[in-house]
Amino acid sequence: MTDNTAHQRRPGSVLARLRALPPWSPLAAGVLAGALLGGGYGLVKPPTYTATSYVVAVPTDKSDPPTALGFAQAYGRVATQLAVLGDAQVWAGVPVRTLRDSVRTSTSPDAPMVAVTAASSRPDLAADMANAVSRALTRHATDAENDTNVELQQFARATKPTEPSSASAGLTGLVGASAGGLLGGLALLVRPRRTASGPDRPASVPGPATAADVHGQL
């Protein structure tokens, strides 16, 4: 009999302990949980390395710099197409799908240059993929040089990166702590506030006055 009574009172005691916690408890719990999850993610996820090679568009005697700049923009879009990646896979030693997922290009509106950036968990493979795509792109530009009057030359080869470009465990932990603190702050905003009558006791509302009371007041 005593055990059953104690078991029935446990939920109430747990609720009482929760209500006794400081108001800022959800915020602290969110920061701590976010830091642990973010730091753990940074430790488990393998590091990512990036390498970048550059090619530049040079006008021939039958062309001019603005034309070279325009073709540089076009080659930046062509670099990740199947025609270029199909040749690059031979030199990179990886499938076309890996190149499509790992290689990105960027151009400048002021300079006729194309940057080819590759990302991989292996620093040597990142450099190989960037150089392979640049080589394939230069070869395709050479085949079309008689029509475009623009020559594409290699400006700088990609080198093997020495440090990862992905976020460290400390940074991911900091981001997680910030996100957890934000969620904890939102929990504080939607948390019901305690009133003077108690958290579980509804505030008393005066009942309507009876006719006798009104007559006595008159």
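Biologist: How many helices and strands does the secondary structure of the protein come to?

Modeller: The model is predicted. Read along the sequence, its elements follow the pattern α-α-β-α-α-α-β-β-α-α-β-α-α. The secondary structure comes to 9 helices and 4 strands.

Biologist: What share of the contacts with a separation of 6 or more joins residues 24 or more positions apart?

Modeller: The protein has 218 residues, and buried residues make up 28% of them. Among its contacts with a separation of 6 or more, residues 24 or more positions apart account for 78%.

Biologist: Which side chains meet in a salt bridge?

Modeller: Side chains of opposite charge can pair when their charged atoms come close. The structure holds 1 salt bridge. Arg122 is partly exposed at a relative accessible area of 44%, and Asp124 is partly exposed at 31%. With a distance of 3.2 Å from N to O, the partners are Arg122 and Asp124.

Biologist: Is the aromatic pair of Phe71 and Tyr75 stacked, edge-to-face or tilted?

Modeller: A search of the whole structure finds 1 aromatic pair. The ring centres of Phe71 and Tyr75 lie 6.3 Å apart. Planes under 30 degrees apart would count as stacked and those over 60 as edge-to-face. The planes of Phe71 and Tyr75 stand at 35°, so the pair is tilted.

Biologist: Is Tyr75 buried or exposed?

Modeller: Phe71 and Tyr75 are 4 residues apart in helix H3 (residues 65–78), about one helical turn. Phe71 has 26% relative accessibility and counts as partly exposed. Buried means under 20%. Tyr75 has 9% relative accessibility, so this residue counts as buried.

Definitions and conventions
Residues are numbered from 1 along each chain as its sequence is written. This is a predicted model: local features need pLDDT of at least 70, side-chain atom pairs count only at pLDDT 80 or more; totals for chains, interfaces and linings use all residues. Side-chain values use heavy atoms; hydrogens and water are left out. A salt bridge is a side-chain nitrogen of Lys or Arg within 4 Å of a carboxyl oxygen of Asp or Glu. Buried means under 20% relative accessible area, exposed over 50%, partly exposed in between (1.4 Å probe, protein chains only). Helices (H or I, at least four residues) and strands (E, at least two) are DSSP runs, numbered from the N terminus. Contact means heavy atoms within 4.5 Å. Rings of Phe, Tyr and Trp (its six-membered ring) pair if their centres lie within 6.5 Å; planes under 30 degrees apart count as stacked, over 60 as edge-to-face and the rest as tilted.
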